[in-house]
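Please examine the sequence and the structure before reading on.

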Amino acid sequence: MRGVFCFRNDLRLTDHPALSLALEKCQRLFLVYVFEDRIWKASSSRKMGPFRAKFILESLRDLDVEIKSRQGCLHYLYGCIEEEIPRFMAEMNCTHCFLQEEDAWEEQQTEKNLSKLVNLQTISGSTLIHSQDLPFEVHDLPPTFTQFRKRVEENLKIREPLRTNHNLQSCKNPQKALPSSDLPKLNPPALDPRSSFLFTGGSVPGRLRMTQWFWEENAIGTYKITRNGLLGSTFSSRLSPWLAQGCLSPREIFFEIKNYEKSRGANESTYWLIFELFWRDYFHFVARKYGAQLFHRKGIHPQRPNRNEPKDSHERFDKWKFGATENQFVNANMNELRLSGWMSNRGRQNVASYLIHDLGLDWRWGAEWFERQLIDFDPCSNYGNWLYLSGYGNDPRPGRSFNLNKQAEIYDPTGEYQRLWSSANTPTSS
Ligand code: FAD
């Protein structure tokens with residue numbers, strides 16, 4: 001069989017069920033990445049800011065190196081998957097296409113459309129718990145996270161990561177270099193000297209971060225206490241960008257936690273990292289269950305009443321985006337996001353609550369801004385969390401809002417974080 005494997009949010013070779021299947025079935029396999037117009041074209045740049053673009057390009061380079069080291073090669077196409085893949089398949093005489101199944105609606109639409117045009121095989125590989133190992137069907141997903149977690153923990157089954165050591169000789173073809181001139185014109189992001197961490201895309205840097213944070217810094221051992229931090233780079237794992245682009249699989253992380261527990265002992269903190277990976281899974285299954293509803297203003301509760309929009313909503317939104325609201329804690333977090341592509345979980349909860357409950361704006365505006373800015377943007381986690389906080393999602397106590405002053409007092413008691421990110425401009429050295 002001659003086939004094509006198309007990478008999307010799964011930029012890795014290890015623990016990759018869909019790729020393993022493709023390699024098993026095809027005597028000749030072409031590896032492809034499509035720079036999709038809907039994401040990469042300048043007109044769609046609201047979807048892709050420079051920090052994530054840089055991370056993805058680095059991840060592709062890392063993947064490219066790994067593929068070449070195993071005698072294969074990666075092709076780059078431009079446009080729309082539904083057009084480019086059938087064209088490429090015809091050119092290369094391929095009969096089958098393989099993809100990792102994605103959980104968010106747009107990506108699933110791509111799969112549906114493509115399956116009408118070519119022989120398509122998809123396999124899931126983005127979650128910690130395989131959907132077939134859930135103790136319920138995805139359409140019966142419990143309405144709250146706690147119910148979900150308790151059900152899955154009763155009889156937890158996590159599949160061992162697949163070791164893909166295949167030689168990729170069957171994927172060899174004249175190499176097309178990673179093009180830069182045709183890429184969307186995104187200004188390369190300048191590193192703000194206040195950023196506490198430099199993210200580099202790719203499985204190798206992802207594993208390096210895991211090793212450092214788990215084993216060298218031993219930071220996982222105190223994660224439950226530190227996880228609500230704002231300053232520095234050790235309070236949380238920072239693994240989210242590698243998970244979002246699929247450079248690391250959640251199962252690889254899970255089994256690394258288990259190794260750590262065997263070697264240095266299990267505690268509440270090591271469990272808590274698994275707990276957070278369950279949150280990620282929950283939002284992925286929520287996305288599968290509700291499809292396009294995840295992006296509707298009233299989400300999964302269309303019967304709940306509308307909120308009124310303030311007259312100056314655009315002005316309020318601009319102030320929020322550019323860190324110019326009346327709240328310094330919000331401003332600091334929004335500055336960090338805009339100038340570094342990153343914000344802590346504590347910050348995200350607070351700025352989202354402020355946009356929804358204090359400014360009275362449509363939560364989707366905030367979610368779209370995050371989509372553009374975040375280096376770790378993942379449609380399921382982003383829209384799932386925003387919807388949750390908006391009161392139209394899976395929060396069992398809908399409409400809860402944060403007292404921002406109290407939050408700043410608890411999580412930034414000396415004001416150091418707010419001082420650090422108080423300026424909306426990158427400081428220049430004199
Ligand atoms: P850690 O605290 O070290 O957690 C480990 C991993 O668990 C994370 O990498 C992430 O994969 C997962 N995780 C932790 N908390 C959550 C959560 N609440 N929901 C889903 N997964 C979680 N996370 C994204 O990966 N992409 C997003 O686009 C995104 N948007 C968000 C938007 C809002 C409004 C909020 C409140 C949260 C959002 N999150 C998102 C979740 C969370 O803030 C980040 O996953 C986390 O801050 C990433 O840092 P970390 O890797 O150090 O996390």
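Is Glu-106 buried, partly exposed or exposed? With a relative accessibility of 32%, Glu-106 counts as partly exposed, where buried means under 20% relative accessible area, exposed over 50%, and partly exposed in between (1.4 Å probe, protein chains only). The model is predicted, so local features need pLDDT of at least 70 and side-chain atom pairs pLDDT 80 or more, whereas totals for chains, interfaces and linings use all residues. Residues are numbered from 1 along each chain as its sequence is written, and side-chain values use heavy atoms, leaving out hydrogens and water.

A search of the whole structure finds 30 salt bridges, a salt bridge being a side-chain nitrogen of Lys or Arg within 4 Å of a carboxyl oxygen of Asp or Glu. Three of them are listed below.

| Pair | N to O distance |
|---|---|
| Arg-38 and Glu-106 | 2.3 Å |
| Glu-106 and Lys-47 | 3.5 Å |
| Glu-252 and Arg-207 | 3.3 Å |

Helices are DSSP runs (H or I, at least four residues), numbered from the N terminus. Lys-47 is buried at 13% relative accessibility, while Arg-38 is partly exposed at 27%. A network of salt bridges links Glu-36, Arg-38, Lys-47, Glu-106, Glu-107 and Glu-371.

Elsewhere, Glu-252 and Arg-207 form a salt bridge. This pair joins helix 10 (residues 250-264), which holds Glu-252, to helix 7 (residues 203-216), which holds Arg-207. Glu-252 is buried, at 12%, and Arg-207 is partly exposed, at 30%.

Definitions and conventions:
Helices (H or I, at least four residues) and strands (E, at least two) are DSSP runs, numbered from the N terminus.
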